[in-house]
Every structure is written in structure tokens, then in C-alpha cells.
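Hello! Here are my notes for your next look at the model. Please have the viewer open while you read.

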Amino acid sequence: MAKDYYKTLGVDKGASKDEIKKAFRKLAHEHHPDKNPKNADKFKEISEAYSTLSDDNKRAQYDQFGDAGASGFGGGGFNGQGQGGFGGFGGDGVEFDLGDIFGSVFGGGGRSAKKQRRGRDIEIDIELDFKSSIFGKEEQIQVSKDSTCKHCDGTRGEPNSKFDDCVTCHGTGTVHEIKRTFFGQMQNAVTCDKCFGTGKVPYEKCHVCRGTGTTHSTETINIAIPAGINPGDALKVQGKGESVTGGISGDLFVKFHIKKHPKIVKDGYNLIYPLEIKLTDAMLGADVRVEALDGELTLTIPSGITHGEMLRVRGRGVPMDNRGSQRGDLLFKISINIPKKLSRESKKLLEDLRREGL
């Protein structure tokens with residue numbers, strides 16, 4: 001029994017191309033297999049109808065001969081075995097690409113739109129000392145990569161060389177590839193590999209980069225490491241990845257590994273500093289000098305402080321921004337050094353204290 005493609009799409013026989021496209025778009029969204037795998041057969045059916053009725057020659061042949069006349073251009077299904085399946089090849093070995101199809105049907109441009117060339121991203125690892133991770137710093141790093149040729153400034157030609165339109169792409173920077181798909185032939189715009197998408201070629205190629213516009217070298221890059229960086233954090237430096245002629249540079253990602261401090265531990269915006277004090281200082285109180293990350297300070301130990309108690313110094317912790325206008329706190333965790341050996345006189349004094357109930 002002949003297939004009624006007009007009925008499949010729900011349009012009249014005299015429907016315009018826009019009406020056919022609109023009907024297919026609606027049905028394709030409704031019956032797409034991504035929403036429900038059970039839709040595969042229905043989606044195949046409406047796609048087959050659209051591939052025929054959207055092409056003037058195929059439509060005319062279908063109107064004259066019916067289903068038998070149309071079967072020669074895609075009736076075998078989406079794959080070589082005539083079964084369901086999406087992507088790959090149609091029944092006649094025709095390449096089938098949903099990205100191309102829906103780009104043209106739904107207005108997204110698909111793969112026919114020219115894509116701007118982009119250099120490769122680079123990721124490097126660096127090790128920071130603890131203090132630098134807290135307060136940030138300016139750092140110079142060495143990166144080995146493809147960079148814009150300094151001799152020709154990426155133009156690919158010798159200085160003062162003249163340029164002419166590329167004969168391959170006729171100065172457009174792109175060439176068109178034609179693919180056979182389930183819906184017929186489709187064009188893709190790709191970057192011309194003769195002129196690297198610039199549309200121009202030099203009369204005299206640069207002798208340093210040999211006309212490529214880039215050279216592999218080691219570049220020194222200045223980076224600003226923000227305050228309060230954590231282990232495993234990555235800093236993105238835009239445009240400092242590898243360069244590519246006729247396009248934009250990739251990005252540089254710097255991943256940080258932080259050395260541990262022998263004493264201090266970071267806890268959010270606070271810094272925890274374990275501090276051991278003498279028994280007498282714990283009992284009587286004292287002022288002690290402590291070397292913090294950002295300089296020396298005097299810490300007042302109150303009398304009667306207990307083991308494990310915290311003393312807070314406000315505003316001496318981790319900066320909350322690079323200006324350092326606001327900072328967390330510095331927390332001293334007290335541990336009391338209990339002497340293991342006592343002199344005879346010390347023991348007598350302690351025994352006197354015990355007799356007093358202390």
C-alpha cells in the first residue's frame with residue numbers, strides 16, 4: 001500500500017514548503033526518540049515524508065508515481081539494515097547526521113555554519129607555599145606552546161610582503177563540503193586550509209614559521225594568584241593557551257598544589273594556630289610573642305585558661321578579597337605543656353597548692 005506522505009505530516013497536497021517544514025518541525029519535536037525510544041518508528045516515518053516533500057524533484061516524482069517512485073531515495077531506513085537507529089547511514093549508504101538535519105530545519109544553523117578556529121587549551125600544575133596561597137601573589141610561569149610568530153606577527157608572510165586572495169577559497173576563508181544525507185545533499189562551510197581562514201596568502205612566506213603564522217616556543221606569562229586559593233583550584237588565564245592562525249587563542253588553566261604549613265591550618269576564612277604554653281602561664285596568665293603569617297604579634301594569655309581553649313585575634317586570618325579590606329580571624333588553639341620532671345622545690349609548691357584545694 002502506497003504511503004501517503006501528506007497525511008503523515010498532516011498537510012494538504014497543495015501545501016507550501018513553509019507549511020511542510022512547520023508541520024515536520026512540530027511532529028519531530030513531539031515524536032523525537034530522545035523523548036521516548038518507542039517513537040523511533042514514527043520519527044522515521046515523518047522524517048521520510050519530510051525528506052521527500054521538502055525536495056522539489058522528489059516531491060514531483062512522488063506526486064506522479066506515489067510511494068514506489070519515492071522509495072529509491074531513502075526507503076531503506078536510517079541504517080544499512082533497514083532498521084531504526086539514528087546517525088550513521090541511510091538505506092542507500094547515504095550519510096545521515098541529525099546535527100545537520102535539525103540545524104537546517106529548526107533554524108540553528110547546524111554544522112553548515114562556519115566555526116571559528118580556536119587554539120588548544122593548556123593546563124599546567126604549580127606548587128605554592130602556604131603563605132602565598134593565603135595572601136596571593138604575582139607569579140611568572142614558563143609555558144611551552146604554539147604562539148604567534150614574532151617575526152611575521154602571525155601574518156604568515158615576510159615583513160612588507162604583499163598578499164593576494166586565496167585561489168582555493170576565492171578570498172572567503174571558507175570552502176564548502178557537500179555531504180549526502182538522508183534528506184539529500186547538504187553543504188558544510190569549513191575553514192580553508194590553504195589560507196587558514198584568512199582569505200589571503202602572502203607572496204613571500206615567513207622564513208621563521210614557514211607560512212603557518214605560529215611557532216613553538218617557551219613564553220613567560222605573568223599571573224595574579226588570588227588570595228585564599230585552595231588546593232586543586234584552577235585559575236583561567238584567557239587567551240594564553242596555544243595560538244592558531246586565522247582564529248582565537250585557547251585558554252591557560254593553572255592548577256594549584258599547596259604545601260602544608262608546619263603549624264597553621266586553613267579553615268574557611270580562619271587560620272588555626274596550635275600554641276603550646278607553660279603551665280605557669282596558663283595558671284597566672286602572660287603576654288607571649290607569636291610569629292603569625294603576616295608578622296609578629298603579642299598574644300595575651302588570660303589566667304586560668306584551659307587545655308584546648310581557643311583565643312581569637314580578629315582580622316588576622318584569610319583575606320576575603322584581593323584588597324584585604326576584610327579578613328577572617330586567627331584562632332590560637334591552646335595546649336598546656338605539663339612538665340614530666342619536677343624539681344624538689346616545684347613539687348613542694350604544688351603540694352602546697354593541693355593542700356589549698358587547687
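Axes here are lines fitted to C-alpha atoms, for helices over the stretch in contact, and angles run from 0 to 180 degrees between N-to-C directions. This is a predicted model, in which local features need pLDDT of at least 70 and side-chain atom pairs count only at pLDDT 80 or more, while totals for chains, interfaces and linings use all residues. Residues are numbered from 1 along each chain as its sequence is written, and side-chain values use heavy atoms, with hydrogens and water left out.

1. **The helix pair.** Helix α2 (residues 17–31) packs against α3 at an angle of about 165°, and their axes are 10 Å apart. That angle makes α2 roughly antiparallel to α3 (angles over 145 degrees count as such). Helices are DSSP runs of H or I with at least four residues, strands are runs of E with at least two, and both are numbered from the N terminus.

2. **The crossing.** α2 passes α3 in a left-handed crossing, in the sense that the near helix is turned anticlockwise from the far one by less than a right angle.

3. **Who touches whom.** From α2, Ile20, Lys21, Phe24, Leu27, Ala28 and His31 meet Lys42, Phe43, Ile46, Ser47, Tyr50 and Leu53 of α3 (contact means heavy atoms within 4.5 Å).

4. **Helix α3 by itself.** Residues 40–53 form this helix of 14 residues, which reaches 20 Å from its first C-alpha to its last, close to the 20 Å expected at 1.5 Å a residue; the expected span is 1.5 Å times one less than the number of residues. α3 is mostly covered, with 11 of its 14 residues buried (under 20% relative accessible area, 1.4 Å probe, protein chains only). Among the buried residues are Phe43, Ile46 and Tyr50, and these three also meet α2.

5. **The sheet.** Three strands form an open sheet in the order β3-β11-β10, with mixed pairing. β3 and β10 are the edge strands, each pairing on one side only, and the twist averages 25° from one strand to the next. Two strands pair if DSSP finds at least two bridges between them.

6. **Neighbours of β11.** Strand β3 (residues 122–128) runs parallel to β11 and is joined to it by 7 bridges; Ile126 stands opposite Phe256, and Glu123 has Phe253 as its bridge partner. β10 (residues 234–237) pairs with β11 in the antiparallel sense over 4 bridges, with Leu235 opposite Val254.

Notes
Buried < 20%, exposed > 50% of the residue type's maximum accessible area, 1.4 Å probe, protein only. Parallel < 35°, antiparallel > 145°, perpendicular 65-115°, else oblique.
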